[in-house]
Amino acid sequence: MKKNEEILRACPLFEGISDQNLSSMVSCLGARTVSAVKGEMIFREGEPARYMGLMLSGSGQIIREDYFGNRTILTRIEAGELFGESFACAGLEELPVSVTASEDCTYMAFDCRRLTTSCTNACEFHSRLIFNLLQIVAAKNLVFHQKIEITSKRTTRDKLMTYLLMQAKAAGNSHFTIPYDRQELADYLEVDRSGLSAEISKLRKEGVLECRKNEFFLK
């Protein structure tokens, strides 16, 4: 429980909320804690876009599947990060994506309607939560713009290198670890796995990079 409280305090949604008011704010949002095993659906496409979640432990992925079942990974969710808030706040009736557990995880689900409508308890921090949420949604939009920048490249090689260079910049080091295995990376880049593996092999032979599993080193 103490660890969960630390995650809540560090979550940008509760920035500016004092420790003594944190528990009452969580209650005000109708929070419930849920556990999920690896591969389990947390939110399913087509379900009502009502809840947002906060990953407490483990990790998840936001995915989209087309008519033929081809999967695209939109982003990864780490402990301490919110998910589903953009769709819930947009007023969508149904979720256009799914959220799955990429490993055993625990998350806290909030009823987004309690945040975006007037608080029946006349909560004095309600407006602060809305302000924080707007900042979070804006920051998430920047992340999705990065994804568009990557997937808009024409070739598998260009998509891969754009992604790896972004990861190196974020890590501040040419030696870094990515959060995806090969199949997940292919799903994220929206490319064929065999084609991705072939490009990685070419780049290694050309001396552009070295890699082992999800660990990369750009030369």
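The legends below describe close-up views of a predicted model.

**View 1. The open sheet with the strand order β2-β7-β4-β5.** This sheet has 4 strands, and their pairing is antiparallel. Its edge strands are β2, covering residues 41–43, and β5, covering residues 71–77, and each of these pairs on one side only. Neighbouring strands of the sheet are turned against each other by 35° on average, with direction ignored. Helix α7, made of residues 182–189, packs on this sheet, where it touches β4 (60–65) and β5, and the direction of the helix makes about 105° with that of β5.

**View 2. The pairing of β2 with β7.** Strand β7 comprises residues 98–101 and runs antiparallel to β2, to which it is joined by 2 bridges. Within this part of the model, F43 stands opposite V99 of β7.

**View 3. The open sheet with the strand order β1-β8-β3-β6.** Here, too, the sheet is built from 4 strands with antiparallel pairing. Because β1 (32–36) and β6 (82–83) stand at the edges with a single partner strand each, one side of each is left without a neighbour in the sheet. Strand β3, residues 51–57, and strand β8, residues 105–111, pair in the antiparallel sense over 6 bridges, and the bridge partner of M52 in β8 is F110.

**View 4. Helix α7 and its two ends.** Of the 8 residues of α7, 7 are buried, so the helix is largely enclosed by the rest of the structure; among the buried residues are R182, E184, D187 and Y188. The N-terminal end of α7 is capped by D181, which has a side-chain oxygen 3.2 Å from the backbone nitrogen of Q183. Just after the helix, E190 takes a positive phi of about 60°.

**View 5. The largest nonpolar core.** This core holds 24 residues, of which Y163, L164, L189 and L209 touch the most other members. At least two residues of the core are supplied by each of α6 (156–171), α7, α8 (193–205), β10 (209–212) and β11 (215–218), and the largest share, 6 residues, comes from α6. L189, which is one of the buried residues of α7, touches I150, T151, K159, L160, Y163 and L196, when residues up to four places away in sequence are not counted.

**View 6. A second, separate core.** This core consists of 23 residues, including L8, L13, L82 and L115.

Conventions: Residues numbered from 1 in each chain as written. Predicted model: local features only at pLDDT ≥ 70, side-chain atom pairs only at ≥ 80, totals over all residues. Heavy atoms only, no water. Pairing = 2+ DSSP bridges. Axes fitted to C-alpha atoms, helices over the stretch in contact; angles between N-to-C directions. Contact = heavy atoms within 4.5 Å. Buried < 20%, exposed > 50% of the residue type's maximum accessible area, 1.4 Å probe, protein only. Polar contact = N/O pair within 3.5 Å; in protein donor to acceptor, adjacent residues only side chain to side chain. Core = buried A, V, L, I, M, F, W, Y, C linked by side-chain atoms within 4.5 Å.
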